[in-house]
Amino acid sequence: MQFWVSLFTVTSWREAKSRERFLVGFNDNQKNLAAQIEVGDLLLAYLTKVSRFIAVLKVTKKAQSFDDE
């Protein structure tokens, strides 16, 4: 199990929490990083501008690209 930091703005955190299932996105430059994250790893959710860790999220599914759908 590894720990990773996932950055959120206030807006992106509210949006993520409002959904039925929690999704964390990565940009094209982060594809290699996202591929290293395994099921069971933990994401430490960090709220930018507030400078606080706000949650621990457990990875339940491997990252996939929109191209994979």
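So, D28 and K31 pair up in a salt bridge, with 4.0 Å between the closest N and O atoms. Keep in mind that this is a predicted model. D28 counts as exposed because its relative accessibility is 63%, above the 50% cut-off. K31, at 43%, is partly exposed.

How many salt bridges does the structure hold? Three. Another one joins the side chains of R19 and E15, 2.8 Å from N to O. Both ends are partly exposed there: R19 has 45% relative accessibility, and E15 has 43%.

Then there's E38 with K62, at 3.6 Å from N to O. This pair ties together distant parts of the chain, since E38 sits in the loop between α2 and β2 while K62 is in the segment after β3, 24 residues apart. E38 is partly exposed at 41%, and K62 is partly exposed too, at 36%.

On to the inside. The largest nonpolar core has 11 residues, among them W4, F8, W13, I37 and V59. β1, α1, β2 and β3 each give two or more residues to this core, and β2 has the largest share, with three. A55 is another member, and beyond its sequence neighbours within four places, A55 touches W13, L43, L44 and A45.

β1 gives the largest share of the lining, five residues. By type, the lining splits into 11 nonpolar, five polar and two charged.

Technical notes: Residues numbered from 1 in each chain as written. Predicted model: local features only at pLDDT ≥ 70, side-chain atom pairs only at ≥ 80, totals over all residues. Heavy atoms only, no water. Core = buried A, V, L, I, M, F, W, Y, C linked by side-chain atoms within 4.5 Å. Buried < 20%, exposed > 50% of the residue type's maximum accessible area, 1.4 Å probe, protein only. Helix = DSSP H or I, 4+ residues; strand = E, 2+ residues; numbered from the N terminus. Contact = heavy atoms within 4.5 Å. Nonpolar A, V, L, I, M, F, W, Y, C, P; charged D, E, K, R; others polar.
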